[in-house]
Amino acid sequence: MEAGMVSPDAHVVGRTLVQAAAAEGHTAIVKYLAQAKANLMQRDKTGADAVLLASCYGHTDAVQALCEHKASVSTANDNGVSPVFAAAQGGHVELLRWLAEHKADLRCPNHKGTTPAAVACYNGHADIVRILAEGNADLSAPNKYGVRPVRAACERGHAQVVRTLVELGVDVL
């Protein structure tokens, strides 16, 4: 099977071999397929490319390998989910640090206006909130429904996140 072809078991979402390998964190295979000229920017039926799929599962090494072969750290899927958003959502600290160091947009909201900071607050990832703050992400931006990240943390009972937001100077009133 050629590098850019779709694997038979990924027919439901139309994933290529490099996308399948990236999603599973098989970095050696990702490197091999990239060297074999696989299309690293091809998207599956949800609009996700290999970098986003690796980011969803926190596979920093796979993301690094893809980017060494000129893949983008900023491509979002059809719902506006970017690698930064996926890393923030999953609490993938090492990956988010790497993305920030490589100039990924830390403010990129999804199509509902939810920012990486908001999804980190919602999921209780105080360490992610700190990384986003270091990168000057807006920790107060409301989504399109007017819900701010601090409200999401409060409603979900994430005391450490609320404490972190207060320490970072976010208006909680």
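This is a predicted model: local features need pLDDT of at least 70, side-chain atom pairs count only at pLDDT 80 or more; totals for chains, interfaces and linings use all residues.
**Notebook: pocket, salt bridges and surface**

I looked up the largest pocket first, and its lining is made of Thr114, Ala118, Val119, Tyr122, Asn143, Val147, Arg148, Pro149, Ala152, Glu155 and Arg156. Two elements, α7 (116-123) and α9 (149-156), each give two or more residues to this lining, and α9 gives the most, with four. I noted that helices here are DSSP runs of H or I with at least four residues, numbered from the N terminus. A pocket is an open set of points on a 1 Å grid over the protein atoms alone, where a 1.4 Å probe fits, with protein on both sides within 12 Å along at least five of seven lines, and lining residues have an atom within 4 Å of a point.

Residues are numbered from 1 along each chain as its sequence is written, and side-chain values use heavy atoms, with hydrogens and water left out.

Next I turned to salt bridges (a side-chain nitrogen of Lys or Arg within 4 Å of a carboxyl oxygen of Asp or Glu), and the count comes to four. In one of them, Arg15 pairs with Asp44, with the closest N and O atoms 3.1 Å apart. This pair links the segment before α1 (17-24), where Arg15 sits, with the loop between α2 and α3 that holds Asp44, 29 residues apart. Asp44 is buried at 6% relative accessible area, whereas Arg15 is partly exposed at 22%; buried means under 20%, exposed over 50% and partly exposed in between, with a 1.4 Å probe and protein chains only.

I also found Arg97 and Glu134 meeting in a salt bridge at 3.5 Å, N to O. Arg97 belongs to helix α6 (residues 93-101) and Glu134 to helix α8, so the pair ties together parts 37 residues apart in sequence. A further pair, Arg130 and Glu167, meets at 2.3 Å, N to O, and joins helix α8 to helix α10.

Finally I checked the backbone, asking myself which phi Lys37 has. Lys37 has a positive phi of about 75° although it is not a glycine, and it lies in the loop between α2 (27-35) and α3 (50-56). Asn136, in the loop between α8 (126-134) and α9, likewise has a positive phi, of about 65°. Most residues other than glycine have a negative phi.
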